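This report goes through one structure, starting where two chains meet. Please look at the sequence and the model first.

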Amino acid sequence: MSYQTEGALQREAQILLREFAAIADGLKVKQRQKIPAQDMPVQDPEIRSHNMEEVALGYSFEQARVEAFRCLQCAKKNCMEGCPVKINIPLFIDHIAKGEMEQAIAVVKQTTLLPAVCGRVCPQEKQCQLHCTLGKSLKDVDCSVAIGRLERFVADWERINNKIVIPFVKPATGKKVAVVGSGPAGLVVAADCRREGHHVTIFEAFHKLGGVLRYGIPEFRLPNSVIDKEIETLVAMGIEIKTNFVVGRTRKLTDLLDKDGYDAVFVGTGAGLPVFMGIEGENLIGVFSANEYLTRINLMKAFDKNADTPVYPATNVVVLGGGNVAMDAARMAKRLGAEKVTVVYRRSEQEMPARKEEVLHAKEEGITFLLLSNAKRILGDEKSCVKGIECVQYKLGEPDASGRRSPVVIANSEFILDADTVIVAVGNGSNPLISQTTPQLNVNSKGNIKVDASQQTSLKKIFAGGDIVLGAATVILAMGEGRRSAASINAMLAANEN
Amino acid sequence: MNTILYKEQLSQDVFLMRLRAPLIALERQPGQFIILQTDDDLGERIPLTIADANTQEGSITIIFQVVGKTTKHLSTFMVGDVLPALVGPLGRPTHIHHFGKVVCVCGGIGVAPMYPIAQELKNAGNQVTVIIGARTKALIILEKEMRAIADELIICTDDGSYGNKALVTAPLKALCESDARPDMVIAIGPPVMMKFCAATTRPFNIFTQVSLNTIMVDGTGMCGGCRVTVDNQTKFVCVDGPEFDGHLVDFDNMIARLNAYKEIERSHYKCFVEKAFTEHTKKLLV
């Protein structure tokens, strides 16, 4: 499909809106099925692959309403089953269809704290949209109602129109909650505990808040201004923030309870420990974890010529992995001037864990995909700099434990790619800092903190959630865990009261 | 927090600063480091070892050499100024134990991180020999402090302006060959020095610990930029170190990796100095 500008999409939607708004109440299923799915307006690929600005521009008011008309308002509400935080999806979409944006965002916010973030980064085609009755009736998940885009639309509408309402905070209880880590899980816990009237302090190791939302997800996919606004709201709720504070090192985890008067602690330190492949040449100059590459650029602003943190000058980049982080790294390398960027992934496109939209955007931006291939060793020159990578081809075999067909090596299929930079994006292990410094805390063999159904760890008053519990997962699952943890903390503190 | 309480220029490019950091002062142990920024928006994060701490004053002491833009900028901070970002203590503390005879070899600025380690080793009942090496006499720091705790202090300068005209490996080798054979050696200094200290003690099979200062971004295990090859395995200096068995460290790979950004860093430094010079000249003209 050819590229359509934001304006063209809006004009088309205006015409459709006039047609349907008049008969909205009487729309039949057949009619709704025929309303064209609204494409997300995006920056022109040629232009955006040279700038940091957000790729997806967001629906116009008209597009949002037209897309909302597509929802069948079915009785089953299967979409809600696919949502980890159970947003009342049909209801908020119905409000959008009627043009009632304020009500729409209120519905969304009943169950989620960061809709502007989730609308952008959730893998909707594997969650709500996978179960959409419309998509099923049209036998194509790509034809499902664009729930994520609508979620983003109402969240952006609220922010842009300065309609953000600071959540009501109950009178002070005198109880103190410490939140360790300011990623998606931590932010949710902070907000939910603060709402109950507890004093909440967020401890963040970095100099800026947001965790993976800040250092990991690039500006072109999740603008910093969106994160800043969410944090502004938390500050306005009276949440205390301590940056440059590494719990475990600056202060022992248990000291927060024993010496600093906190009544509960939530650990949401994330999966920040990059996994390398363990292949020859991985410590050559020019090999980076995606975490390092993206942190230098996102958090430390290495794309800005006034920033002190350098980024490695890369012209021919190979990215190993097929997840969102691999897509982010590949597209970032392109934006920083790499002439050629190749994603090497050992399964086929169907098994790629990345959001479909990110893969599509990467392709549009000229990223090459080398599928069913994997790195075998990285080759260096006499100065220990990367000069190439030897790969080997795979074919798909039987499904493995994850249900995906597992890749099988094809013998003698080795080949060499030229490269000056290799970015390893094959996942993250659990960050060892908390477990290293809190030996009494139970962790599993992978270093993930063990919790019960209420997110309680093996230590009293200490809860944990997000990637430090789940292993590297998604923003929305981390938020779900945060929500559960906060509920447990609030219940525990309320019980102590009596 | 992070206020500079005291500043002293120890030698041409080496500065000592005492910073208000009560929590770090309380928690820090020998061998640990901090990360600081001189600008918390566009500045880089640099790791520096903690040379000393005073829990009563709630302060830590850092000693740094001007080698690039951030250390140059840091050297312009005055008493009363506040550092925009300071985080720590990071890294695993030194394993302090009664080893017997310990030799602490420090090169250049490496005396600074060695000082608290030597102190604790002495407190743990070890017999401590300190070898300090520098290019020339003017670059030797903390001599008085080290002399106060060491059972023996050996000084080496490259130009012979003070102490022995020798590399630190010469007295180290002599000690290894002597009847007073050390039970353990710790070396902290330039990577090349640590590499050759490890090479010196290897034939004698004397455990030799080195403290590595690699390129880091976060210092908490998140980026892996600091990784080194130890015993053919990848280790992160920030969370697995900074101290490792010197006989197992791949120094050549580490030294190569330290040079990854040399050219960019040089140009940042040059820009900074030129800008500062222009601003200074402008002020003079006004």
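In this predicted model, the contact between the chains takes 34 residues from chain A and 36 residues from chain B. On the chain B side, at least two residues each come from helix H1 (22-27), helix H2 (69-75), strand E6 (85-90), strand E13 (227-230), helix H8 (251-258) and helix H9 (262-285). The largest share of this side, six residues, is supplied by E6(B). The classes of the residues on the side of chain B that touches chain A are listed below.

| Class | Residues of chain B touching chain A |
|---|---|
| nonpolar | 16 residues |
| polar | 12 residues |

Chain A itself contains 20 helices and 16 strands. Its C-alpha trace spans about 65 × 65 × 50 Å along the principal axes. A compact globule of 498 residues would have a radius of gyration near 23 Å, and chain A agrees with this because its value is 23 Å. Of the 498 residues, 53% count as buried. Among contacts in chain A with a separation of 6 or more, 71% join residues 24 or more positions apart.

A:Leu57 sits in the loop between helix H3 (45-48) and helix H4 (61-69) of chain A. Is A:Leu57 buried or partly exposed? A:Leu57 has 15 C-beta neighbours inside 10 Å, so it counts as partly exposed. Leaving out residues up to four places away in sequence, A:Leu57 touches A:Glu6, A:Pro41, A:Val42 and A:Gln43. A:Ile285 lies 228 residues from A:Leu57 along the chain, and their C-alpha atoms are separated by 37 Å.

How values were computed: Residues numbered from 1 in each chain as written. Chains lettered and ligands numbered in written order. Predicted model: local features only at pLDDT ≥ 70, side-chain atom pairs only at ≥ 80, totals over all residues. Helix = DSSP H or I, 4+ residues; strand = E, 2+ residues; numbered from the N terminus. Rg over C-alpha atoms; globule rule 2.2 N^0.38 Å. Buried ≥ 20, exposed ≤ 12 C-beta atoms within 10 Å, placed from the backbone. Contact = placed C-beta atoms within 7 Å. Nonpolar A, V, L, I, M, F, W, Y, C, P; charged D, E, K, R; others polar.
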